[in-house]
There are 2 protein chains.
Amino acid sequence: MTKDTFYIPRLAIVGVGLIGGSLALALREAGAVGEVIGIGRGLANLEKALELGIVDRITQDAVAGTREADLVFLATPVCKLGEVAAAIIPHLKRGAVITDGGSVKAQVIAAIEPLLRPGVSFVPGHPIAGTEKSGAEAAFATLYHHRRCILTPTQNTESDALEMVERMWRTAGSEVVVMDAEKHDRILAAISHLPHMVAYSLVNAVGSYDRYEENILEYSAGGFRDFTRIASSDPSMWRDIALTNRAALLEMMERFEHFLAELKEDVRSGEGERLYEFFQRSKELRDNIL
Amino acid sequence: MTKDTFYIPRLAIVGVGLIGGSLALALREAGAVGEVIGIGRGLANLEKALELGIVDRITQDAVAGTREADLVFLATPVCKLGEVAAAIIPHLKRGAVITDGGSVKAQVIAAIEPLLRPGVSFVPGHPIAGTEKSGAEAAFATLYHHRRCILTPTQNTESDALEMVERMWRTAGSEVVVMDAEKHDRILAAISHLPHMVAYSLVNAVGSYDRYEENILEYSAGGFRDFTRIASSDPSMWRDIALTNRAALLEMMERFEHFLAELKEDVRSGEGERLYEFFQRSKELRDNIL
């Protein structure tokens, strides 16, 4: 690997779904990878990944699949990352680098760092990209184009390993941002985890309203459907995120409750001027990210 | 006008924006209207409506513009409906029918019904359609295709007038549903007004989070942008809706708060099973309206 050409001779992807599969495809397209080994529990999904040319070789044995890898990308559900890391770390070759794509970082670092041994590095990461789809079939090479990827190195993260993972994500098309794990977890709680909690609560609150015999969701037009699309996301994944980013998420849920309560009081007291300002402020903030 | 061919000789549209302009275009395309008179306060918008062929004639004088109309469609902001009705009703011709497109019905009925006089009928209505755009330029003939239009007649509404307005909306492509105003206002509070309050609160809560120097909204990916699109809606319109559908909206905001508080408690206590069930229930409800 020279400074100019990024190349990983052997890449192991644990969890060949949308996230893992798309990284493999992006690096392949860039000619930045030699062999790609796909590792997972479900054989049908692995065979699909092989058939689609996402990986060169598949195995359900994480130890065997990662043993000779130069880089290991862990793309399993966030609650499984520690377990997988514990199984593979004792058998990795000297100089191997592990990185992950978990949506939560402090808890993942706490689970993985104590397992490390000399010659094996870990670079915690989170590519901010995704769709509602999952599985190898959902993967595509441009998923990460122009998307941010946040890396959250700790004081223990070797700089060579960090540089390697940074270059990998840039090669896949991402803009890499480095910050500490606590900041990552708070930002993601705000822009992603809180909105999901709000969407899930909204659909449950409206969908279970049974004053009338008919299903009132049938009256919903495009606005409600777009607004609640994220409430169709995978329940297991969001259970895991809620459990592993608890403190930051609770902070943001309370912050949101405070704003909603303020708005409710203005509705109750008919404060037209304050309502207008509240809506206008939101519109300006929202229009700025268009 | 026969039973088979719906035709309005002279239609007056007060407020030639997305809602009023699209109705005019739809009825024109169906050959269901003779002359269309556009009435509004902004001359530039009226001239644009004339130029686009949405209306045949324009005036800023509501009394003059509606005096000879067979049907008057009030498509002004909901807080202005009573004022416009008060101005025009004394001058309408015998047999004229008024209908409206306001997002709230009980308050509009309370404002307009006391103004009626023999020979002038009012049919309260609400076409459930719209985009974030506004003004005559945003109007298009198929806006109402396959969308529901709710009519909320009262005990005072003449059946001939109701039938005329029903036929008008069907001619424009809508599916007409008749219910009482209270039910309409509760259903809309649930599926539309509450989601807007939630979106506005969410964007304000996240967008004003200033623990870090940078604007954290810049980290938001597609999910947040789609989810908060409705927080870009017109602040004046939503102030008016919040003020005029207060009781039903407060009921739904409290219902939502209850669900969110339940979820927060499950996050706090790490109730994985309950979190999964909450998310799964929401996903099922949401997937059912796809």
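In this predicted model, strand β5 (residues 97-100) of chain A and β6(A) pair in the parallel sense over 3 bridges, where two strands count as paired if DSSP finds at least two bridges between them. Helices (H or I, at least four residues) and strands (E, at least two) are DSSP runs, numbered from the N terminus. This is a predicted model in which local features need pLDDT of at least 70 and side-chain atom pairs count only at pLDDT 80 or more, while totals for chains, interfaces and linings use all residues. Residues are numbered from 1 along each chain as its sequence is written, chains are lettered from A and ligands numbered from 1 in the order in which they are written, and side-chain values use heavy atoms, with hydrogens and water left out.

**The six-stranded sheet of chain A**

- β5(A) and β6(A) belong to an open sheet of 6 strands with parallel pairing, in the order β3-β2-β1-β4-β5-β6.
- At its edges stand β3 (57-59) and β6 (121-123) of chain A, each of which pairs on one side only.
- Direction ignored, neighbouring strands of this sheet are turned by 20 degrees against each other on average.
- A:I98 has A:F122 in β6(A) as its bridge partner.
- Helix α4 (residues 81-88) of chain A lies across β1 (8-14), β4 (71-74) and β5 of chain A, and runs at about 155 degrees to β4(A); contact here means heavy atoms within 4.5 Å, and angles run from 0 to 180 degrees between N-to-C directions, with axes being lines fitted to C-alpha atoms, for helices over the stretch in contact.

**The three-stranded sheet of chain A**

- In chain A, 3 strands form an open sheet of mixed pairing, in the order β7-β8-β9.
- The edge strands, each pairing on one side only, are β7 (125-127) and β9 (175-178) of chain A.
- β7(A) is joined by 3 bridges to strand β8 (residues 148-151) of chain A, and these two run antiparallel.
- A:G125 stands opposite A:L151 in β8(A).

- Helix α11 (residues 272-287) of chain A packs against helix α9 (residues 235-244) of chain B at an angle of about 135 degrees, with the axes 9 Å apart.
- α11(A) and α9(B) are therefore oblique to each other, given that angles under 35 degrees count as roughly parallel, over 145 as roughly antiparallel, 65 to 115 as roughly perpendicular and the rest as oblique.
- Their crossing is right-handed; a crossing is left-handed if the near helix is turned anticlockwise from the far one by less than a right angle, and right-handed if clockwise.
- In this contact, A:G272, A:L275, A:Y276, A:F279, A:Q280 and A:K283 of α11(A) meet B:P235, B:S236, B:W238, B:R239, B:A242 and B:L243 of α9(B).
- By class, the contact of α11(A) with α9(B) has 7 nonpolar, 3 polar and 2 charged residues, where Ala, Val, Leu, Ile, Met, Phe, Trp, Tyr, Cys and Pro count as nonpolar, Asp, Glu, Lys and Arg as charged, and the others, Gly among them, as polar.
- The axes of helix α10 (residues 246-268) of chain A and helix α7 (residues 181-207) of chain B come within 9 Å and cross at roughly 125 degrees.
- That angle makes α10(A) oblique to α7(B), and α10(A) passes α7(B) in a right-handed crossing.
- Among the residues that meet are A:F256 and A:F259 in α10(A) and B:M197 and B:L202 in α7(B), and the contact has 10 nonpolar, 2 polar and 1 charged residues.

**Helices within chain B**

- The axes of α7(B) and α9(B) come within 11 Å and cross at roughly 125 degrees, and the two helices are therefore oblique to each other.
- α7(B) passes α9(B) in a left-handed crossing.
- B:S192, B:H193, B:H196, B:M197 and B:Y200 in α7(B) meet B:P235, B:W238, B:I241 and B:A242 in α9(B), and these residues divide into 6 nonpolar, 3 polar and no charged.
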